[in-house]
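Trainee: Could you take a close look at the aromatic rings and describe their setting in some detail? I would value one connected account, with the cut-offs behind each term.

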Amino acid sequence: MDERVNGAAGGRRWTACGASVTGSEHRRRGLGCDDAYSYGILGDFAVATVADGAGSVTGTSAWGAYVACRGVLKDAMNPAFIDSYSSGSSTDAEILVRVLFDGALHRVRRQAEAMGLDVALLSTTLSVAVTDTRLATFAQIGDGIIATERDGVIETLLAEHKQEYANTTSFLQSEGALEGSLRTAGHEDVTAIALSTDGMSYKITDVTTGAAYQPFFRGSWQHLRDGAQSDQLQAMLDGIRDDQTGDDKTLVLVARCADAEWAGTEALRWAHSGSPGSPPGSAPSVTVGRPDDATVTDSGAGRSRSRSRWGRWLR
């Protein structure tokens, strides 16, 4: 079912942006955002993640989402990981992505210990995409949304099949989740990727079938290729009022574009959402250098600002 950056083979480069906003229901109740995201790019390699902290333990679950996303970013941007992914088979790639989930769970458990809390209070979903120009590998636990573009075809992947209760999902910390709930897929010739938490499901998918609402994804990836920045994406998410859930909303977009559309230098670039408790509306910036524990903000340097209106493709 169905920001970047740098030099990919064949004259193609990756670009990306991401944003999270607090849902209207959370705001009404005086709560913060439990979602998180991260992405990083080096040459023709890119990684992106989104996570949704469990609403039943709102507040503390935000730390699970944040630590999981930041951990995946840090591990995936390790040069040894990138080398192994780029030189390995599709089977190797799946194993490497599973290692990212192992690392994320380990970090969340350490965070819970540091906070003196049971790890269940940091429960979170996790969706991950890792790609170079040869192979894209996807994995998730929970009810996130993953969409891809291949040969002009847009589809969603790895949708969770709900059991008896539609509002339940699996979490990274759920018993046996890495063995029983982690779903993976690998595809070649992927030219665009979107990751979203389920707060966007009514706007960007058919909630009955899970199929992608194609005008949204096609238009959003083109908007990104035209130079859109994270602050524009955040404004679009913040402007959604009729989402039927009032839930937090998070979206990360990754796309390949022609070299001429990007004026940046060949450098490692990365960003992640602010830590729980960050001021509302504060967005991280693309940063050059090794990912560490710092939180940054998206400057969008090297790209021209698009003037088109992002939200016109929503359902």
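Mentor: In this predicted model, there are 6 aromatic pairs, a pair being two rings of Phe, Tyr or Trp (its six-membered ring) with centres within 6.5 Å, called stacked if the planes are under 30 degrees apart, edge-to-face if over 60 and tilted otherwise. Y37 and Y39 form a stacked pair, because their ring centres are 6.5 Å apart and their planes lie at 10°. Y37 is buried at a relative accessible area of 2%, and Y39 is buried at 1%; here buried means under 20% relative accessible area, exposed over 50% and partly exposed in between (1.4 Å probe, protein chains only). The rings of W63 and Y66, by contrast, meet at 85° with centres 5.9 Å apart, so this pair is edge-to-face. W63 and Y66 are 3 residues apart in helix α2, about one helical turn. W63 is partly exposed, at 25% relative accessibility, whereas Y66 is buried at 4%.

As to conventions, residues are numbered from 1 along each chain as its sequence is written, and side-chain values use heavy atoms, leaving out hydrogens and water. Local features need pLDDT of at least 70 and side-chain atom pairs count only at 80 or more, while totals for chains, interfaces and linings use all residues.

Helices (H or I, at least four residues) and strands (E, at least two) are DSSP runs, numbered from the N terminus. In α3, which spans residues 79-87, F81, I82 and Y85 are buried. The buried residues line one face of α3, because they fall within an arc of 95° seen down its axis, the arc being that of the directions from the helix axis to the C-beta atoms. Exposed D83 and S87 sit on the face turned away from the buried side. Among the elements covering the buried residues of α3 are β3 (35-42), β4 (45-52) and α2 (60-76), where contact means heavy atoms within 4.5 Å.

One further ring has a charged neighbour: R256 lies over the face of W14, at 5.8 Å from the ring centre. The criterion places NZ of Lys or CZ of Arg within 6 Å of the ring centre and within 35 degrees of the ring normal.
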